[in-house]
Structure formats: C-alpha cells, structure tokens
Amino acid sequence: MKFDIMTLFPEMVTAILSESIIGRAAKAGYLQFECHNIRDFSENKHRTVDDTPSGGGMGMVMAAPPIYNCFASIINNKEVKDEKRRVIYMSPKGQLLTQKKAEELKAYDNIIILCGHYEGVDQRVLDEIVDEEISVGDYVLTGGELPACILVDCVSRLLDGVLAAPECYEDESIASGLLEYPQYTRPAVFHGVEIPPVLMSGHHKKIDEWRLEQSLLITKERRPDLYLEYMRLHPPKPEKKKRVKKPKGEAPNE
C-alpha cells in the first residue's frame with residue numbers, strides 16, 4: 001500500500017512515520033509513504049497557500065489551487081492507473097476513525113491524505129477531490145498532520161508483514177471487541193505486588209480464561225457500549241443440565 005500525504009509540514013510527518021514499527025515496515029517494503037509539500041504547488045513566487053475567509057472572520061483558509069495542483073501531480077505520476085485509491089481529508093467534521101474503518105481502508109492500494117491547517121480548506125477543492133472526511137476524536141488540533149500519522153499507523157498495522165502475525169493486533173484493545181487484559185512482565189514481584197499466579201502456571205487454557213475474564217471486567221467498567229455490543233455478538237452459552245443417575249432398582253419419577 002502507498003500513502004501519499006499532502007501537507008504544509010512534510011518534515012513533521014516524515015519524522016513520525018520513519019520511526020518504530022511503521023518506519024521499519026516502510027524500509028522493508030511492506031508499505032510506502034510519501035509527503036508532498038502543498039507549498040511547492042503554489043501559483044505565485046511567495047508560495048502562498050492561504051487567503052482570508054470569504055464573508056469575513058478570523059484566521060486564514062487554505063486555498064483550492066495549490067491543493068488541487070498537488071493532488072493532480074500525485075495521480076498523474078502513478079504508474080498503475082487502475083489501482084484502488086481513496087482520498088481522505090483529516091477533519092473534526094469527519095466520520096470517527098475506528099478499527100472497523102481501518103479494516104475497510106486496508107483494502108485500498110493507495111490512500112491520499114490531505115492535512116488541513118489554519119481555519120480550514122476551501123470547500124470547492126474538498127468537493128472535487130475528497131472521497132471522505134475522517135476525524136480522530138472530538139477535539140481540535142493545530143493541523144491534520146498528527147491525525148494523518150494516526151491514520152497511517154492504524155491502517156499499516158493491518159498490512160501483511162508489518163507485524164509478526166495477525167495475533168499481534170487481533171487480541172489488542174478494540175480490535176478484539178474488548179479492551180485488553182492487564183499485562184505483566186519480570187520481576188515477579190514489584191513493590192510488593194506479585195504477578196497473578198495463573199500467568200505463571202503454564203496452564204494455557206486457564207490463562208486464556210483469566211485474560212478473557214479480565215477483558216470483560218475492564219470493558220464493562222470503562223466502555224459499557226463495547227461490552228454490550230460484544231455480549232450481543234457473543235451471548236453466553238446456556239449451561240447444560242446434568243442428568244442425575246438413578247440408583248439401580250429405583251423406579252423412575254412419574
């Protein structure tokens with residue numbers, strides 16, 4: 001998969017995505033990302049990318065021409081013309097980013113992300129090039145660069161080869177439908193608190209049961225919405241009634 005990020009601050013995005021798991025995966029060729037500086041596509045010598053909002057108001061609005069020119073440059077340079085592409089604008093007005101949405105985006109060959117700034121982006125270019133708007137939460141940030149990095153990270157973890165195995169993300173919080181169980185590692189005792197004995201038992205079935213129980217308890221307490229949905233999809237199995245054997249010679253109940 002290739003991520004193309006349209007931004008005014010390419011160094012900021014590159015610095016984040018070049019590190020840790022995503023950085024290693026990009027170097028190994030499991031994914032690609034490229035930042036495109038919108039200023040490089042300005043139509044004047046001052047590299048201006050914004051102007052005052054029509055109708056008045058505070059701040060500045062990102063102009064349509066530089067963004068469109070940047071977008072056109074990206075799609076015109078594509079070697080594969082029939083690849084499956086999605087154009088996303090990171091915006092607090094967008095649909096909330098969820099694990100389900102990340103799973104949907106995983107199916108695309110190319111994701112182009114527009115990072116807004118200032119008071120927003122000229123609506124006309126959004127209407128022309130953007131397929132959907134995505135938000136990372138109900139709060140306001142300085143720009144779309146951090147949300148773009150979150151989106152790339154979230155989707156990239158699902159790609160083949162990025163993580164060691166599917167279990168690395170399938171059992172994590174949210175991905176499994178529940179919040180994750182508590183994790184522990186050595187030393188066995190820290191500040192007088194021991195690792196739960198079941199985790200040291202080597203009994204994998206009991207460990208799995210303990211982890212599920214803990215996930216259910218934590219999810220019910222902290223995210224009752226997720227808990228109710230999980231229980232709807234995974235209703236508890238009815239307990240089988242044990243048949244009581246009658247002693248030999250005893251007549252059956254009438």
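The largest pocket here has a volume of about 400 Å³. A pocket is an open set of points on a 1 Å grid over the protein atoms alone, where a 1.4 Å probe fits, with protein on both sides within 12 Å along at least five of seven lines; lining residues have an atom within 4 Å of a point. Its volume is the space filled by probe spheres set on the points, which are joined across faces, edges and corners.

Among the 24 lining residues, Y89, M90, S91, P92 and L141 are the closest to the pocket centre. Two or more lining residues come from each of β5, α5 (123-129) and β7, and β5 gives the most, with five. Helices (H or I, at least four residues) and strands (E, at least two) are DSSP runs, numbered from the N terminus. By class, the lining has twelve nonpolar, ten polar and two charged residues. Here Ala, Val, Leu, Ile, Met, Phe, Trp, Tyr, Cys and Pro count as nonpolar, Asp, Glu, Lys and Arg as charged, and the others, Gly among them, as polar.

A word on the model itself. It is predicted, so local features need pLDDT of at least 70 and side-chain atom pairs count only at pLDDT 80 or more, while totals for chains, interfaces and linings use all residues. Residues are numbered from 1 along each chain as its sequence is written, and side-chain values use heavy atoms, leaving out hydrogens and water.

Now to the sheet. Five strands form an open, parallel sheet in the order β2-β1-β6-β5-β7; strands pair if DSSP finds at least two bridges between them. At the edges, β2 (32-37) and β7 (132-135) each pair on one side only. Strands β5 (residues 85-96) and β6 (residues 110-115) are joined by six bridges, and I88 has I113 in β6 as its bridge partner.

Angles run from 0 to 180 degrees between N-to-C directions of axes, which are lines fitted to C-alpha atoms, for helices over the stretch in contact.

| Helix | Strands touched | Angle |
|---|---|---|
| α1 (residues 10-17) | β1 (2-7), β2 | about 165 degrees with β2 |
| α3 (residues 64-76) | β1, β2, β5, β6 | about 160 degrees with β1 |

Finally, two backbone details. The peptide bond from R186 to P187 is cis, with omega near 10 degrees, and P187 sits in the loop between α7 (167-170) and β8 (189-190). R47, in the loop between β2 and β3 (50-51), has a positive phi near 60 degrees.

Methods. Contact means heavy atoms within 4.5 Å.
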